[in-house]
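Subject: Structure handover and findings

Dear colleague,

Please find the structure below. My notes on it come after.

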Amino acid sequence: MRFARAEDGVTIGYQVFGRGPVLVWMPSLSNIAAQWRIPALRAAYEALARNLTIVLYDGRGMGASDRRIDLGDLGVDAHLRDLRAVLDDAGIGSASLLGYYHATATAIAFAAREPSRAERLVLFGGAARMREAMRPAQTQALLSLVQQDWGLFADAAATAWLGWDAATSGRWTAEAFRTATSAAVATAWFSAAEEIDVTGEMSRVRAPSLVLHRQGEQQIPVEVFRRLADGLPGGRLVELPGSTPTLFMEDADRDIRLVTDFVTSGRLPDAGSASWSGELGPDAGPASRTGERLPDADQAFHSGERLADAGSASRTGGRSPGAGMGARTGVPRDGLTARESDVLALVSAGDSNTEIARQLGIAVHTVERHLSNLYRKIGARGRADAVAYAMRRMTENRQSG
């Protein structure tokens, strides 16, 4: 682990490994030391490093970087200070950037403001206006857990969001999330992200930009990424097969080949074939900004919805049992009683058994009995499984309605 110092004195932990053109994998919720323990990520790092020099770093407040930060200074300018510090400390003049989720807007801003240092952009999971990437219902439900129960958020992010259940990668991913930072820092990160908007800088980006999409309907809709690719002068959207909202884990070989070839040569595959088309750049013409679908990609996804509250807001704390999940309208019962549905919704919102008992006006041991019954009915092993179930069913119910 190396350490760089940003302009404002914040220390940033980073790693450099591999050989070939430089690709900086920019952070979202990160703990790079813990991420090496995730089998799928470790394999991806090693595969990418065969042909690329990979730079990983933890953003301020995360992982090995300084945790003592100004929580009111987490906008794009702060993230740019982190990136510049790493590049300068490592002696890297220019590089390609992998803007991953939270870092997408930062990558765009860096390429717009320092065009000579940004060679190519690979963008996944985020948007120039970050609020667009955080709008879908499942994302809002997941973020509602951050302050309520940080550990449950970490488990749900790995299971409900990434869909890994009890797999080894899922367990280590949950641990990486849990140890990445504190709930207070994460809350500040996500709150600041909702205000990040670099759409006005997109037209100044000169770096060829590959926008990748692999999402399920409950996550970020493809229209967000189409707008992103259309707004970048050298942008191109490629939709990837599958529904796992990450790179290098579902059809990892294809993802690695696609990113490696783009970074090393700037060339992309024709839709429906493994052959490579002309280079992508600012003067590539309108066809370069047309979203292209690789074989077997899912159909285009519909835009996400805000969560609906269920029941009365007059309960304790002003929050209904369905706040954040929609107990009676957002979660199909599948044999659950009305009370069990209320309990499931509050579990999904991160409430403890004591808080659930207080809100529903029942005893804690009654809550425990309801939990035991609903776990049995939905096949859940515990709270994280219940959250994953509720999020999946909420989305299915919205689609069927």
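This is a predicted model: local features need pLDDT of at least 70, side-chain atom pairs count only at pLDDT 80 or more; totals for chains, interfaces and linings use all residues.

Residues are numbered from 1 along each chain as its sequence is written, and side-chain values use heavy atoms, with hydrogens and water left out.

Whole chain

The chain has 16 helices and 11 strands; helices (H or I, at least four residues) and strands (E, at least two) are DSSP runs, numbered from the N terminus. Of the 401 residues, 59% are buried. Buried here means under 20% relative accessible area, exposed means over 50%, and partly exposed is in between (1.4 Å probe, protein chains only). Contact means heavy atoms within 4.5 Å. Among contacts between residues at least 6 apart in sequence, 71% join residues at least 24 apart.

Two strands pair if DSSP finds at least two bridges between them. Strand β2 (residues 11-18) runs antiparallel to β4, and 5 bridges join them; Q15 has L56 as its bridge partner in β4. Strand β3 (residues 22-25) pairs with β4 in the parallel sense over 4 bridges, and there V24 is partnered by V55.

S65 sits in the loop between β4 and α3. S65 is buried, at a relative accessible area of 4%. Apart from neighbours within four places in sequence, S65 is in contact with T11, I12, G13, D58, G59 and R60.

Helix α3 (residues 76-90) has 15 residues and should span 21 Å at 1.5 Å a residue; its end C-alpha atoms are 21 Å apart, which agrees. The expected span is 1.5 Å times one less than the number of residues. Of the 15 residues of α3, 11 are buried, so the helix is largely enclosed by the rest of the structure. Among the buried ones are V76, H79, L80, L83 and V86. G91 follows α3 and has a positive phi, near 70°.

Helix α13 (residues 338-348) is also mostly covered, with 9 of its 11 residues buried. These include E340, D342, L344 and L346.

Nonpolar cores

A nonpolar core is a set of buried Ala, Val, Leu, Ile, Met, Phe, Trp, Tyr and Cys residues joined through side-chain atoms within 4.5 Å. The largest has 107 residues, and V24, W25, L212 and F248 have the most contacts inside it. Not counting residues up to four places away in sequence, F248 touches W25, A40, A44, L48, L98, D255, I256 and V259. A second, separate core has 18 residues, including L346, I378, A386 and Y389.

Salt bridges

There are 22 salt bridges in the whole structure, a salt bridge being a side-chain nitrogen of Lys or Arg within 4 Å of a carboxyl oxygen of Asp or Glu. D73 forms one with R81, with the closest N and O atoms 2.4 Å apart. D73 is partly exposed at 25% relative accessibility, whereas R81 is buried at 15%. Both D73 and R81 belong to a salt-bridge network that also links D8, R60 and D82.

R84 and E114 meet in another salt bridge (2.4 Å, N to O). R84 lies in helix α3 and E114 in the loop between α4 (104-113) and β6 (118-124), so the pair ties together parts that are 30 residues apart in sequence. R84 is buried, with a relative accessible area of 18%, and E114 is buried, also at 18%.

E132 pairs with R129 in a salt bridge whose closest N and O atoms are 3.0 Å apart. E132 is buried at 13% relative accessible area, while R129 is partly exposed at 33% relative accessibility.

Regards
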